[in-house]
Amino acid sequence: MSTATPDTKREAPATPTTTVGKAADYLDQRTSIGLAVKEFARKVFPDHWSFMLGEIALFSFVVLIASGFFLTMFFEPSMALETYEGEHPANMHGQLMSVAFASTLDMSFEVRGGLLMRQIHHWSALIFMASIVVHMMRVFFTGAFRKPREINWIVGLILMILGLAAGFTGYSLPDDVLSGNGLRITDGVVKSIPVVGSFMSYMIFGGEFPGHHIVPRLFTLHIFVIPGILLALIALHLFLMVLQKHTQYPGGGRTDKNVVGYPAMPVYVAKMTGNFFIVAGVLALMGATMSINNVWNYGPYDPSPVTAGAQPDWYMLFLEGSLRLMPGPGWEWVIGGFTLSMNVLIPAVVVPGILFTFLFVYPFLEARVTKDDEEHHVLDRPRNKPVRTGLGVAFLTAFIILALAGSNDLIATHFALSINGITWVFRVLIFVGPVFAYYITKRICLGLQRKDRELVLHGHESGRIVRFANGEYIEVHTPLDEQERWLRVNYEAPAPLEIAPKTDARGVKRKGYASDKRWQGLSRFFYEDRVAPVSPAEVEAAHSHGEHDQLNGSERQAVEAGAGTTSREH
Amino acid sequence: MSENQNPPAGTSKDVTAAPEAGTAVGPADRFPDPGVPEHKKRLTDTDPHAAKRAERTVTILFVASILGTIGSIVAYVMVPPDGTTSGVRLSTLLLGLGLTVSLLGIGIAGIHWAKALMGDREFVQERHTLATQGEDRETAIKDLNEGLEDSGVVGRRGVLKGAFFGALALFPIAIAVPLIGSVGGDWNISQFKHTMWKRGMRLAIDPSGRPIKASDVTVGSVFHVVPETTEAYRETHDWITEKSKAVVLMVRLNPEDLRTDQSPEGETWSHEGIVAYSKICTHVGCPVALYEQQTHHLLCPCHQSTFDIADSAKVVFGPANRRLPQLPITVDDEGYLVAQDDFAEPIGPSFWERLK
């Protein structure tokens, strides 16, 4: 880029003349920041709209910190009781309430922009979690969690769980009826934990529920501990992303050994800054126009009332739905005089345990059944990994069914249905739905892969019908250009693991055969059904037969079977 | 579909020699990478007018942002919240819209600038294997080994190592013990098993605290009930904690509708069809607040556990396992409803030591 000729390069660096240049020189002489600039200024990042999803999460977090700072200036995390002297809202005047609730009313009604910031903060939290989940979906379905990014996948999962914790500790702070009942449910769940449950309940509430410690404790967690860890892990998440360089979608010229995209400066600086302001702007718009969590309608916490149609924030709905779906009678066991509440433990501990464990182990499981130890930087098209895509959709289906079950009362009232009927439907769906979703998704993926094969072998339908002299009609196909074709043939279709036989050459039983056999079984589940990418030989074969349409069924099958074994050898 | 089906896995796995279709190929069994697609120029690259127009659009957007900021300050000064809900809403709306324009102006301008005017040539950079290579790796291993050797703990001095790790593992206890010891208050978890109800304590209406006469309870009516206490006590934290356990839902049924009474001893816990049950759900502790007069069903709005009040509050639907505990009631000399005693079993959600 420089215009300097070789023979001037040993000379002392030119003295800066501009103000910016002087400032940069000043800094560089004290920090050698030039090295960082050299490394990062023109660092290339691949471009795709879906890479923005994680950015939205990051920027929502920045908005959360900014709006949260505003709120801490006015919120008083105290459960001391006072009689509300404020005139507004009128329905709260003269009521006995905690200082926390009173200060929430005060910041909403007396502080200019206070309600706006509260609403921006709450909406940002919802968008933060939503963008994390969608970002994770992108990472999962494109296989971006594969080596070397398994660690970053785990870091991301922890970030998501911390996000849940941040949200929960946050919406419990105003000490209103709704959040108080949320805490009471938490208390009930904690008490169900065997052996230590009762003590954990005392530990959380500093005595019996609700006590007068919980709001200050949640406040410390919400504004110090959780955001502190979040910040540190976000830094690690981004550091690993930069260190490993971003993944890229498949396409011409993009390999596992390079990265194709635009330079950080100026394109990404501008786009990311722009994206930040757009995210912040949309959140401001939501805060301005959509009211959320009007706590003065619920009133200060009182252990007696509860409203119908009470819902937690959306990211907690799956837990709520899980609790609602579990049938109670018969699931509380008394063993040796001790009570084991399986009707609470299964939905509140086992179900999320299964969901999160799946997310934590999946990258390692998939690498193991493929015996895959390569670095992957080119993303998969979801159709090319039918089982992974199917499992991901099955997972989402379970999550969505649970979330819907967490709203079964609203579904019942909005559609005038029986709540018992809806609950029973969901009780069945939570088992059947994911299996069905897995099967359908896998079939769709295989179908799309076959469609890709068709396209590569036949080309596009041109709409031009030609009649031969013998009276036969065919439609002429135009072959794909090489970029289109490359996208459809550039993938791996791994075969199931092959294992050493049960006995060695002398007929002695081999150690570890049973374990190998199990892994092979799992590997078959993943890769038994597969569609191999088209090879040039197949295209050749197709053309040498004249029009591919004229191939009879058995010939075609032979060609495709051949492709399957050919790819297996790689 | 049948034509396109995969070869059955069994066959493809067992075939060791590649069949005809694969034999002819060698290196050409994969297509070659066509390389990065040709760069396409944008309108703003070729048409100076378009570039000028884009520049103007970006400028206008930045100016819009400035106007948005000014607008929000104007709103701050001109439309102070007057304290009413609608006044607060208006102030929130105007401040928020100003902020929105001020932020979106910058955001859209930045992205339009990047997309229309900044260079859009794609670059290719090499990736390097992440694992440290060659000499770097060897030096790192050598340094690490030398460091370990210098520390003098490798392969010997087991006691030293044990003491070192032991000390490290134990020192947090000095902090954890006072913390954990205090964080749970008095740790007296047996309090879960009792409420403030006592023999002869009057049933009072929540939240007014007025005691209830049996004669005031008409058939089919529902009362949200708390123990009668002093006004002053009802303004303490203790009260909120006690109320969390003591709240009761009281209903008067036709005595012939009452199918069973929970009392194990056979004497009655109800009074002329008036029954009182703990309002705290035996599932996870929400207040069971929705009573349906026709069916005598009591529904928890949190997780839809449903209890039949006419049949000793047994579970008829939902995730709760146990019936709601019944508060034994009777009337005193003045005709007020009073408790015969505390609940016979712990109220609310189950816990490990519940029956101990």
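**Where a strand of A meets a strand of B.** I started with strand 4 of chain A, residues 258-263, and found it joined to strand 1 of chain B by four bridges. The two strands run antiparallel. I picked one pair to look at: Asn258(A) has Glu126(B) in strand 1 of chain B as its bridge partner. I'm keeping in mind that this is a predicted model. For the complex, the predictor gives an ipTM of 0.88 and a pTM of 0.90.

**The wider contact.** How many residues does each chain put into the contact? I got 121 residues from chain A and 102 residues from chain B. Then I went through the side of chain B that touches chain A, looking for elements that supply at least two residues each. My list has helix 1 (9-14), helix 2 (20-23), helix 5 (85-116) and helix 8 (237-246), along with strand 1 (123-126) and strand 9 (314-317), in chain B. Helix 5 of chain B gives the largest share of that side, with 19 residues. By class, I noted 53 nonpolar, 31 polar and 18 charged residues on the side of chain B that touches chain A.

**Confidence in chain B.** I checked the pLDDT next: the mean for chain B is 87, and 90% of its residues reach 70 or more. Residues 1-27 of chain B are another matter, with pLDDT below 50. In the model, this stretch still has 45 contacts beyond near neighbours in sequence. I'll read helix 1 (9-14) and helix 2 (20-23) of chain B with that in mind.

**Domains of chain B.** I have domain 1 at residues 43-116 and domain 2 at residues 193-339 of chain B. Taken over C-alpha atoms, the centres of domain 1 and domain 2 of chain B are 58 Å apart.

**First sheet I traced in B.** Five strands of chain B make an open, antiparallel sheet, in the order 2-3-4-5-10.

**Another sheet in B.** This one is open and antiparallel too, with four strands of chain B in the order 6-7-8-9. Strand 6 (290-292) and strand 9 of chain B are at the edges with a single partner strand each, so each has one side without a neighbour in the sheet. From one strand to the next, the twist averages 30°. I looked up the end of the order: three bridges join strand 8 (306-308) of chain B to strand 9 of chain B, running antiparallel. One partner pair there is Thr306(B) with Phe317(B) in strand 9 of chain B. Strand 9 of chain B was also on my list for the contact with chain A.

UniProt, in an unreviewed entry, lists residues 23-250 of chain A as "domain: Cytochrome b/b6 N-terminal region profile". That span is 68% helix and 4% strand, and its end C-alpha atoms lie 42 Å apart.

**A helix pair in A.** In chain A, the axes of helix 7 (177-191) and helix 8 (197-205) come within 7 Å and cross at roughly 145°. By class, I noted four nonpolar, three polar and two charged residues in the contact of helix 7 with helix 8 of chain A.

Definitions and conventions:
Residues are numbered from 1 along each chain as its sequence is written. Chains are lettered from A and ligands numbered from 1 in the order in which they are written. This is a predicted model: local features need pLDDT of at least 70, side-chain atom pairs count only at pLDDT 80 or more; totals for chains, interfaces and linings use all residues. UniProt positions are given in the numbering used here, feature names are shortened, and annotations may be inferred rather than shown by experiment. Two residues are in contact if their C-beta atoms, placed from the backbone, lie within 7 Å. Ala, Val, Leu, Ile, Met, Phe, Trp, Tyr, Cys and Pro count as nonpolar, Asp, Glu, Lys and Arg as charged, and the others, Gly among them, as polar. Two strands pair if DSSP finds at least two bridges between them. Domain bounds come from an automatic or database domain assignment. Axes are lines fitted to C-alpha atoms, for helices over the stretch in contact, and angles run from 0 to 180 degrees between N-to-C directions. pLDDT is the predictor's confidence in each residue, from 0 to 100.
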